[in-house]
Amino acid sequence: MTEAKTSCHENHVHSTHGKLQIKNSSDPNAIYTCPMHPEIRQIGQGSCPKCGMALEPLIANDSENEELKDMSKRFWLAALFTIPLFIISMGDLFPGQPISKIISPKFKVYLELFLATPVCLYSAWPFYVRGIDSIIRKSLNMFTLIGIGVSVAYLYSLVATLFPSMFPNSFKDSLGHVAVYYEAAGVIVTLILLGQVLELKARNQTGEAIKKLLGLAAKTARRISEDGSEEDIPLENVQLNDKLRVRPGEKIPVDGIVVEGKSNVDESMITGEPIPVEKSKDSSVVGATVNGTGSFIMEAKKIGSDTLLSRIIHMVAEAQRSKAPIQKLADVVAGYFVPIVLLIAIITFIVWANWGPDPAMAYAIINSVAVLIIACPCALGLATPMSIMVSTGRAATMGVLFKNAEAIEIMRKVTTLVVDKTGTLTEGRPELVTINPEAAQNKDEFLAMVSSLEKGSEHPLAEAIVRGAEKQGLSLIDVDDFISVTGKGVKGVIKGRKIALGNKALMKEENISIDHVINEAEKYRREGQTVMFVSIDNKFAGLIGVADPIKETSLQAITELHNEGLEIVMLTGDSKTTAEAVASKLGIDKVVAEVLPEQKVEEVKRLQAEGKIVAMAGDGINDAPALAIAQVGIAMGTGTDVAMESAGVTLVKGDLRGIVRARKLSRATMANIKQNLFFAFIYNAAGVPIAAGILFPAFEILLSPMIAAAAMSFSSISVITNSLRLKKIKI
């Protein structure tokens with residue numbers, strides 16, 4: 001058993017024609033992990049070296065569950081032998097003792113041995129293997145307890161059957177018979193196997209979200225060759241920049257942009273919004289979304305594991321396998337629990353052997369076995385990871401991707417939300433609206449130089465300027481010595497002329513006087529424009545104004561977030577006037593403008609120092625440091641990869657209403673985990689003393705090992721069933 005040293009992304013992709021692809025569900029090299037100990041990873045199926053549980057695929061797939069198949073086979077064989085075993089053993093409890101009238105006591109014992117042996121040797125074999133493995137590894141777990149309990153009951157009964165004369169009177173009843181417990185051992189094995197089968201089936205359901213996501217992908221694409229001919233090809237054969245035709249009703253094969261045609265696309269699989277989105281030339285489209293009645297040609301820009309769908313699948317898989325801080329409590333308890341239970345079982349045996357009624361030794365064995373069986377800590381270990389798996393899958397269907405379980409736990413505690421402006425509150429696709437060169441500058445030449453410089457920048461404002469120039473038919477010019485000054489602007493050399501474009505801080509750095517245009521710039525800003533200053537050859541050359549419309553959903557999102565009790569702070573590198581113009585329209589509580597990326601980090605730290613739990617929402621490279629330092633970083637799925645890597649939560653379509661959904665789901669998940677932990681703790685706390693016989697002196701009540709086995713299985717199933725309720729909870 002080995003732990004994988006590489007990431008989920010690396011383990012589940014392979015190279016095909018120089019690009020990355022998600023592996024086939026039947027891939028023999030798929031990575032498997034433990035639901036209770038996500039740090040355990042290995043190639044292929046097996047059992048966890050820590051808890052003994054069956055490993056499951058890191059990324060859920062539709063391949064056959066071999067563990068479920070094996071456990072089901074062992075269960076049905078156990079049931080086949082255990083039912084007659086139970087009837088024969090317990091039949092004399094009915095009036096007239098019907099079993100004793102049919103068969104002699106000696107033959108009855110040998111018949112029980114015959115029926116119990118395949119159950120206790122074949123059906124229970126995995127329990128023994130895992131139990132011995134846990135002892136060798138010094139990592140005691142539920143299978144340690146089950147293995148000891150079943151083997152003690154069976155071996156004791158076997159010796160009592162074959163060599164009854166070996167036992168002293170303390171083992172014998174009033175008639176001089178040594179009691180056997182084949183039915184207890186058989187029923188325990190059968191019930192635990194039933195629990196394992198039901199648990200494995202239920203655990204399979206927690207991966208349904210990923211299975212559904214995998215099923216969304218198109219299987220083929222229609223490629224247009226350079227000679228104009230078209231052919232359907234497997235999805236994995238699509239290359240970057242391929243031209244693909246998407247016909248009415250078809251799934252879009254990969255991520256890309258529309259180059260010809262027009263249609264409406266159903267993007268509900270990533271946004272949760274049922275209204276189709278209009279697509280035309282230059283519109284971006286996402287693989288696995290569904291085309292409407294129109295037809296268009298697209299160019300492939302992201303393929304294989306780089307597509308949004310693939311990234312969503314990997315993020316959900318990683319989040320499902322991460323540990324929430326609350327699980328540390330369960331881990332600590334489980335670590336001490338098994339040794340304590342073994343000690344209690346030994347004490348139970350000693351007390352009953354010395355002070356119990358006749359046959360004292362028989363009581364001692366059966367009650368210590370009951371303690372071992374009922375105390376299995378499986379439910380305790382499953383309490384947190386099952387809720388996390390269901391919750392992250394549910395979130396993905398709502399357009400919210402949690403990077404890890406910690407983000408789910410902390411999200412509900414957030415008191416202050418810090419938001420970037422561009423691309424977060426606004427569309428992030430601004431338009432060039434103002435071109436105001438100095439009198440000495442030719443307007444077209446001025447815009448051509450500015451747009452040529454901005455072509456080297458990744459900022460949405462730069463893209464707006466470039467698009468504006470292209471619409472006016474201007475040709476872009478080569479730029480030398482291009483430099484991006486983070487949080488300030490860009491610089492470069494065009495045709496030997498030194499040009500700089502950016503905010504006041506950049507102009508100050510370049511020693512450019514802009515005092516004479518400050519009032520004019522403020523006028524544009526009050527209209528909601530972002531204004532940039534331009535200098536050419538160390539002289540002020542003009543203003544550029546870009547307007548970024550506020551997202552339609554931003555006002556509703558801010559209102560809902562206020563209803564959640566959150567303080568909203570806008571943190572932006574834009575000017576104070578422009579930022580306040582946007583903030584006043586949205587009702588934002590506080591504005592901190594004209595900040596550099598490092599100042600965003602300082603502002604987040606300042607809020608944290610005030611005792612506030614901060615979530616930071618942003619979409620750009622300049623937001624990444626602040627996203628990383630906030631208690632919860634929230635990235636817009638429409639933003640940069642760096643922002644998404646730095647964040648704990650990604651909103652697939654950049655809709656801030658997803659934060660409200662994330663908070664509600666966080667509250668529901670943590671309530672669900674606490675319910676699970678309560679069930680597990682209370683069950684073990686109450687079950688162990690009863691199994692040990694604490695009620696016997698006052699009420700003469702003992703807990704049969706068979707009842708203990710049923711209760712133990714039920715506790716695990718109840719935890720998983722309770723976790724699955726998160727799939728249907730209203731958010």
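R130 sits over the face of F143, 5.1 Å from the ring centre; a charge counts as over a ring if NZ of Lys or CZ of Arg is within 6 Å of the ring centre and within 35 degrees of the ring normal. R74 does likewise with Y122, lying over its face at 4.5 Å from the ring centre. All of this comes from a predicted model, in which local features need pLDDT of at least 70 and side-chain atom pairs count only at pLDDT 80 or more, while totals for chains, interfaces and linings use all residues. Residues are numbered from 1 along each chain as its sequence is written, and side-chain values use heavy atoms, with hydrogens and water left out.

Next come the aromatic rings. Searching the whole structure turns up nine aromatic pairs. Rings of Phe, Tyr and Trp (for Trp, the six-membered ring) pair if their centres lie within 6.5 Å, and planes under 30 degrees apart count as stacked, over 60 as edge-to-face and the rest as tilted. One of the pairs is W125 with Y128: the ring centres are 6.3 Å apart and the planes stand at 85°, so this is an edge-to-face pair. Both residues belong to helix α5 (residues 125–136), three residues apart, or about one turn of the helix. Helices here are DSSP runs (H or I, at least four residues), as are strands (E, at least two), numbered from the N terminus. W125 is partly exposed at 49% relative accessibility, whereas Y128 is buried at 13%; buried means under 20% relative accessible area, exposed over 50%, and partly exposed in between (1.4 Å probe, protein chains only).

Y154 and Y182 also make an edge-to-face pair, with ring centres 6.1 Å apart and planes at 65°. This pair links distant parts of the chain, 28 residues apart, with Y154 in helix α6 (residues 142–162) and Y182 in helix α7 (residues 182–206). Y154 is buried, with a relative accessible area of 6%, and Y182 is buried too, at 0%. Elsewhere, W352, Y363 and F696 come together in one aromatic cluster.

Then there is helix packing. Helix α12 (residues 360–374) packs against helix α24 (residues 657–692) at an angle of about 170°, their axes 8 Å apart. Axes are lines fitted to C-alpha atoms, for helices over the stretch in contact, and angles run from 0 to 180 degrees between N-to-C directions. So α12 is roughly antiparallel to α24 (over 145 degrees; under 35 is roughly parallel, 65 to 115 roughly perpendicular and the rest oblique). On the α12 side, N367, A370, V371 and I374 make the contact, and on the α24 side Y683, N684, G687, V688, A691 and A692 do; contact means heavy atoms within 4.5 Å.

A583 sits in helix α20 (residues 576–586) and is buried, at 5% relative accessibility. Beyond neighbours within four places in sequence, A583 is in contact with M570, I588 and V591.

Finally, the backbone. Most residues other than glycine have a negative phi, and most peptide bonds are trans. The bond from D358 to P359 is cis, with omega near -10°, and P359 lies in the loop between α11 (327–355) and α12. K138, in the loop between α5 and α6, has a positive phi near 55° and is exposed, with a relative accessible area of 78%. E594, also not a glycine, has a positive phi of about 55°; this residue is found in the loop between β23 (590–592) and α21 (597–609).
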